[in-house]
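Student: I have a model open and want to go through its geometry. Can we take it piece by piece?

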Amino acid sequence: MSPLVLYILPAVIAFLTSFMVGRLLCTQKLARYFIDDVGGKKLHKRAVPASGGIALIIGVVLPIVLFDQIIINSAYFYFIMGGIGMFVLGLVDDLKPLGWLLKLLFQIAIITAVVVLGDLRLESVLLEHSFFRLPFALSVLISVVMITFLTNAFNFIDGVDGLATAVALIFILGLLYFQTLFSGVFLMCLAAALFGFRQLNREPAALFMGDSGSLFIGFCCACLGIFFLEADLNINNTQLDSFQQRLPVLLALFWFPIADTIRVLILRLSRKQALFKRDKLHSYSSLLRLGYSHSRIVTLVVILTLLNVFGAWYLEPLLGVLLFLVVQVAFSMVLHFYLNSLIKNFTNLKENSNG
């Protein structure tokens with residue numbers, strides 16, 4: 001089968017399906033069921049339907065069924081079913097909020113089933129030139145915690161028009177570039193569906209991803225991250241100098257959701273606030289207060305992510321994986337303290353002007 005039929009045609013269908021279904025969901029007749037109202041801790045200033053997850057999953061599944069049925073009948077079956085399960089959980093929560101605890105328990109149940117039944121596990125750790133094989137129980141525990149954390153980290157950044165979509169696009173395109181051993185058709189369709197949805201999600205957004213979309217995409221990214229890390233050591237990757245480079249590259253591709261989530265959790269703990277209660281402590285919330293537009297925030301996050309990826313790509317071979325991981329943490333900490341100083345100066349100026 002020619003590359004045009006194998007990859008390009010499914011991607012075009014994914015793009016058009018995601019975009020057209022998204023446009024349909026924006027119509028008044030359907031939008032009223034998923035309206036995300038304004039007010040409270042929410043950052044948007046007008047009511048927008050949060051049903052984009054429906055457009056995304058249809059945009060991905062339709063071309064997969066037409067062109068890549070092998071993935072549905074393969075060892076990846078539980079991964080696909082897990083993604084659908086996360087979508088349904090998010091859709092139910094979009095229609096009638098479940099509460100963070102019940103939603104988290106359902107997430108853990110779905111993820112545990114995928115990890116155990118589908119054997120989708122982080123089985124080993126490669127640091128410098130040391131290779132560690134994890135015991136089965138520890139492997140399952142780490143995998144469940146990793147997928148749960150990354151899924152929710154992605155969900156947490158879905159607060160600015162186009163931000164979560166842009167982060168997911170960079171991640172998927174990065175996995176394609178760095179030759180992830182997974183269905184190329186699936187990755188192309190996922191990227192194309194995200195790009196189609198982005199046409200309706202960029203500032204000012206006509207359609208939000210909703211929990212149905214953010215949980216589905218976040219789960220897919222987390223699982224694909226494990227596939228990337230668990231590549232067969234006997235297979236060469238022409239884009240990477242060594243297999244130990246995979247961990248820094250993966251962390252760089254998903255840098256913003258990880259760094260922002262850890263930052264917010266630390267701030268909530270230090271202020272003795274509820275860990276999962278909606279607030280305005282996220283980095284993008286602070287940037288909005290400083291006067292940044294949604295599109296400017298997205299551009300800034302994309303640039304910083306690409307800098308992180310290039311650092312992992314070029315500096316890790318010089319510094320080694322452990323030292324470069326220290327550099328990645330320092331990079332996030334510097335940005336955190338710089339943002340805090342900007343907020344503090346902004347608050348002082350505002351108080352002085354009011355006084």
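Student: What kind of model is it, and how are residues numbered?

Tutor: This is a predicted model, in which local features need pLDDT of at least 70, side-chain atom pairs count only at pLDDT 80 or more, and totals for chains, interfaces and linings use all residues. Residues are numbered from 1 along each chain as its sequence is written, and side-chain values use heavy atoms, with hydrogens and water left out.

Student: How many helices and strands are in the chain?

Tutor: The chain has 16 helices and four strands. Both are DSSP runs numbered from the N terminus: helices are H or I with at least four residues, strands are E with at least two.

Student: What share of the residues is buried?

Tutor: Of the 355 residues in the chain, 48% are buried. Buried means under 20% relative accessible area, exposed over 50%, and partly exposed in between, using a 1.4 Å probe and protein chains only.

Student: Helices next. What does α9 span, and what should it span?

Tutor: Helix α9 (residues 184–201) has 18 residues, which should span 26 Å at 1.5 Å a residue; its end C-alpha atoms are 25 Å apart, which agrees. The expected span is 1.5 Å times one less than the number of residues.

Student: Why call α9 largely enclosed?

Tutor: Because 14 of its 18 residues are buried, α9 is largely enclosed by the rest of the structure.

Student: And α3, how far does that reach?

Tutor: Helix α3 (residues 52–67) has 16 residues and reaches 23 Å from its first C-alpha to its last, close to the 22 Å expected. Its buried residues include G52, I54, L56 and P63.

Student: Switching to charges. How many salt bridges are there?

Tutor: The count is five, where a salt bridge is a side-chain nitrogen of Lys or Arg within 4 Å of a carboxyl oxygen of Asp or Glu.

Student: Which one joins K103 and D93, and what does that pair tie together?

Tutor: Their side chains meet at 3.2 Å, N to O. K103 lies in helix α6 and D93 in helix α5 (residues 77–95), so the pair ties together parts that are 10 residues apart in sequence. D93 counts as buried at 10% relative accessibility.

Student: Where does D211 come in?

Tutor: D211 forms a salt bridge with K103, the closest N and O atoms being 2.8 Å apart. This pair links distant parts of the chain, with D211 in helix α10 (residues 210–229) and K103 in helix α6, 108 residues apart. Both D211 and K103 are buried.

Student: Which residues form a network of salt bridges?

Tutor: D119, R121, E123 and R133 are linked that way. Within it, the side chains of R121 and E123 meet at 3.6 Å, N to O. R121 is buried at 11% relative accessibility, whereas E123 is partly exposed at 23%.

Student: Which residues make up the nonpolar surface patch?

Tutor: W100, L101, L105, L269, L275 and F276, with about 580 Å² of accessible area together. Patches are made of residues with over 30% relative accessible area and no salt bridge; like charges are joined within 9 Å, nonpolar side chains (Val, Leu, Ile, Met, Phe, Trp, Tyr) within 5 Å. Helix α6 (residues 100–117) gives the largest share, three residues.

Student: Where does F276 sit?

Tutor: F276 is in the loop between α12 (255–270) and α13, and counts as partly exposed at 38% relative accessibility.

Student: Last one: what does the side chain of S283 pair with?

Tutor: S283, in helix α13 (residues 283–289), has a side-chain polar contact of 2.7 Å with D260. A polar contact is a pair of N or O atoms within 3.5 Å; within protein, one must be able to donate a hydrogen and the other to accept it, and residues adjacent in sequence count only if both atoms are side-chain atoms. S283 is buried, at 11% relative accessibility.

Methods: Areas by Shrake-Rupley, 256 points an atom, 1.4 Å probe, with all protein chains shown as cover.
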